[in-house]
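This report examines selected local features of a protein structure. Please keep the sequence and the three-dimensional view at hand while reading.

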2 protein chains.
Amino acid sequence: MRTEDLPTVRALDLFAAMSDESFADLMQGAFFQRFPPQVMLIEEGDTADFLYVVVEGMVEMIAQGNERETTIAVMEPVSTFILAAVLRDAVYLMSARTLERSRLLMIPAESIREAMERDPAFTRAMVRELAGAFRGVIKSLKSQKLRSAVERLANWLLVAHDDQGANGTVTLGIDKRTLAALLGMTPENLSRAFGTLRGYGIEVAGREIVLSRPDDLRGLAKSNPLIDDRET
Amino acid sequence: MRTEDLPTVRALDLFAAMSDESFADLMQGAFFQRFPPQVMLIEEGDTADFLYVVVEGMVEMIAQGNERETTIAVMEPVSTFILAAVLRDAVYLMSARTLERSRLLMIPAESIREAMERDPAFTRAMVRELAGAFRGVIKSLKSQKLRSAVERLANWLLVAHDDQGANGTVTLGIDKRTLAALLGMTPENLSRAFGTLRGYGIEVAGREIVLSRPDDLRGLAKSNPLIDDRET
DNA sequence: CAGATTTCTTGATATTAATCAATGTTCTCC
DNA sequence: GGAGAACATTGATTAATATCAAGAAATCTG
């Protein structure tokens with residue numbers, strides 16, 4: 001196993017507080033694996049065998065049902081996914097698919113559960129991580145239930161804008177169909193939502209978005225820190 | 001403080017594995033309090049001072065925004081709420097309001113965090129609890145994004161039917177406006193959704209619902225264990 | 001119990017979002 | 001560079017949901 005990325009993993013909130021010994025034990029059975037784009041890593045309903053850490057690339061968390069599918073979240077480096085299923089020794093509630101060529105660290109679920117038995121600092125970090133994840137989903141649910149499609153897009157743009165340096169442009173890291181699914185709308189509707197935002201200073205050119213009048217956009221978006229702020 | 005309910009609280013998954021000593025410490029600063037119906041217990045944005053345990057009554061978790069409000073969950077005895085905010089020492093993302101006369105155990109947030117430092121078994125129980133809560137919200141989000149209003153109602157009815165003994169009737173424990181908010185629709189739409197379900201053997205008389213042909217309803221609902229099953 | 005208040009239902013209409021269909025655009029890869 | 005595929009946009013239409021308004025039913029209260 002390539003160890004050059006281990007320090008990055010080790011630096012994650014989730015692993016930072018572990019003893020060296022526990023971390024070494026945890027990595028004992030773990031391994032890195034590369035995947036091409038559009039590979040289904042896990043399917044909802046499968047039993048949770050591994051905890052995944054996205055080290056490179058991008059992974060989409062998907063929910064299926066009613067002959068549809070929707071995107072719940074997009075995971076970027078460096079973050080973990082399907083922690084909750086692993087901890088409960090339960091089946092996955094979401095599927096995961098690579099969006100681009102990705103490198104993932106896979107840690108056997110059993111190792112995680114053992115580490116929790118032995119290392120209280122790790123368990124506490126887990127509590128923080130899960131509490132943060134919980135709050136993240138609550139925010140998504142609030143956004144979905146309280147906002148219209150256009151408002152969801154406007155707020156998403158403002159957050160991305162901030163993330164990318166607030167310099168008046170946003171570059172989409174995912175394609176528009178994925179963004180549409182993430183925001184809970186169809187691709188057609190996303191196009192129309194962008195059209196509506198033209199009146200608020202938004203210009204779209206492929207994956208490059210210009211926010212010429214962010215304050216106008218903010219007026220429409222009615223951002224709410226209890227929905228839009230990242231968990232720290 | 002009345003101690004007759006402490007065994008019930010102690011029996012909760014969250015507290016069952018604690019040492020007697022930690023539990024005693026935890027209860028040191030805790031107290032029971034009664035509230036009339038329709039009392040706002042906490043408002044979103046407030047800092048998390050207490051962990052709440054619903055011992056009697058019913059509490060509604062609410063999210064606000066865009067001059068609207070929606071119900072995220074209804075908490076019944078015996079369960080805790082706003083655990084995640086307490087653990088992250090963050091502001092609440094949801095408000096809470098009693099639906100009926102309720103008795104709550106209030107545990108200072110600081111005590112919870114201290115107990116976690118000292119009692120690894122408690123921390124592990126916390127992990128399980130949070131992972132379960134996370135999965136619960138994911139299910140709500142899936143329901144909201146993948147299903148129509150009528151489908152959400154149909155599935156809610158089937159779950160309630162099972163909970164209540166699957167004897168062909170369901171009694172609503174909450175009023176219809178609250179149910180509507182929980183299911184992400186307006187009260188008017190809930191009425192119409194019930195109307196639609198008449199064609200599937202549903203008869204509504206106030207808070208009493210008769211499911212005369214559950215199999216028909218199941219046909220419409222297309223239930224999915226990865227959305228509808230309770231976390232165990 | 002009567003009156004007042006709240007909740008629920010129903011109908012009419014408006015708004016929002018999804019679907020279907022066609023076309024334009026971008027990307028891929030030989 | 002060009003053919004083919006995937007992705008994105010646009011328009012027309014339909015479907016789902018919300019809003020507004022009114023009335024009916026249930027409930028609270030003195």
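In which loop of chain A does Val78(A) lie? Val78(A) belongs to the loop between β5 (68-75) and β6 of chain A.

## Basis of the report

The structure is a predicted model, in which local features need pLDDT of at least 70, side-chain atom pairs count only at pLDDT 80 or more, and totals for chains, interfaces and linings use all residues. Residues are numbered from 1 along each chain as its sequence is written, chains are lettered from A and ligands numbered from 1 in the order in which they are written, and side-chain values use heavy atoms, with hydrogens and water left out.

Helices (H or I, at least four residues) and strands (E, at least two) are DSSP runs, numbered from the N terminus.

## Backbone features in loops

Most residues other than glycine have a negative phi, and most peptide bonds are trans. In chain A, a cis peptide bond with omega of about -10° joins Pro77(A) and Val78(A). In chain B, the bond from Pro77(B) to Val78(B) is cis, with omega near -10°. Val78(B) is placed in the loop between β5 (68-75) and β6 (79-81) of chain B.

Two residues of chain A have a positive phi although neither is glycine: Gln38(A), near 65°, and Asn66(A), near 60°. Gln38(A) is found in the loop between β1 (31-35) and β2 (40-42) of chain A, whereas Asn66(A) sits in the loop between β4 (59-65) and β5 of chain A. Asn66(A) has a relative accessibility of 22% and therefore counts as partly exposed; buried means under 20% relative accessible area, exposed over 50%, and partly exposed in between (1.4 Å probe, protein chains only).

## Aromatic rings

Rings of Phe, Tyr and Trp (its six-membered ring) form a pair if their centres lie within 6.5 Å; planes under 30 degrees apart count as stacked, over 60 as edge-to-face and the rest as tilted. By this rule there are 10 aromatic pairs over all chains. One of them joins Phe50(A) and Tyr52(A) edge-to-face, at 6.5 Å centre to centre and with 70° between the planes. Phe50(A) is partly exposed, at 23% relative accessibility, while Tyr52(A) is buried, at 5% relative accessible area.

Tyr52(A) also forms a stacked pair with Phe81(A), at 5.0 Å centre to centre and with 15° between the planes. Tyr52(A) lies in strand β3 (residues 50-56) and Phe81(A) in strand β6 (residues 79-81) of chain A, so this pair ties together parts that are 29 residues apart in sequence. Phe81(A) is buried, with a relative accessible area of 3%. Ring pairs link Phe31(A), Phe50(A), Tyr52(A) and Phe81(A) into a cluster.

A charge sits over a ring if NZ of Lys or CZ of Arg is within 6 Å of the ring centre and within 35 degrees of the ring normal. Arg10(A) lies over the face of Phe23(A), at 4.7 Å from the ring centre, and Arg10(B) lies over the face of Phe23(B), at 4.7 Å from the ring centre.

## Helix packing

Axes are lines fitted to C-alpha atoms, for helices over the stretch in contact, and angles run from 0 to 180 degrees between N-to-C directions. Helix α7 (residues 149-163) and helix α10 (residues 214-221) of chain A pack at an angle of about 135°, with their axes 9 Å apart. This makes α7(A) oblique to α10(A), given that angles under 35 degrees count as roughly parallel, over 145 as roughly antiparallel, 65 to 115 as roughly perpendicular and the rest as oblique.

The residues that meet, with contact meaning heavy atoms within 4.5 Å, include Val150(A) and Leu158(A) in α7(A) and Leu217(A) and Ala221(A) in α10(A).

## A glycine in chain B

Gly173(B) lies in the loop between β9 (169-171) and α8 (176-182) of chain B. At 42% relative accessibility, Gly173(B) is partly exposed. Which residues does Gly173(B) touch, not counting residues up to four places away in sequence? They are Met58(B) and Arg207(B). The C-alpha atoms of Gly173(B) and Met58(B) are separated by 9.3 Å, although the two residues are 115 residues apart along the chain.
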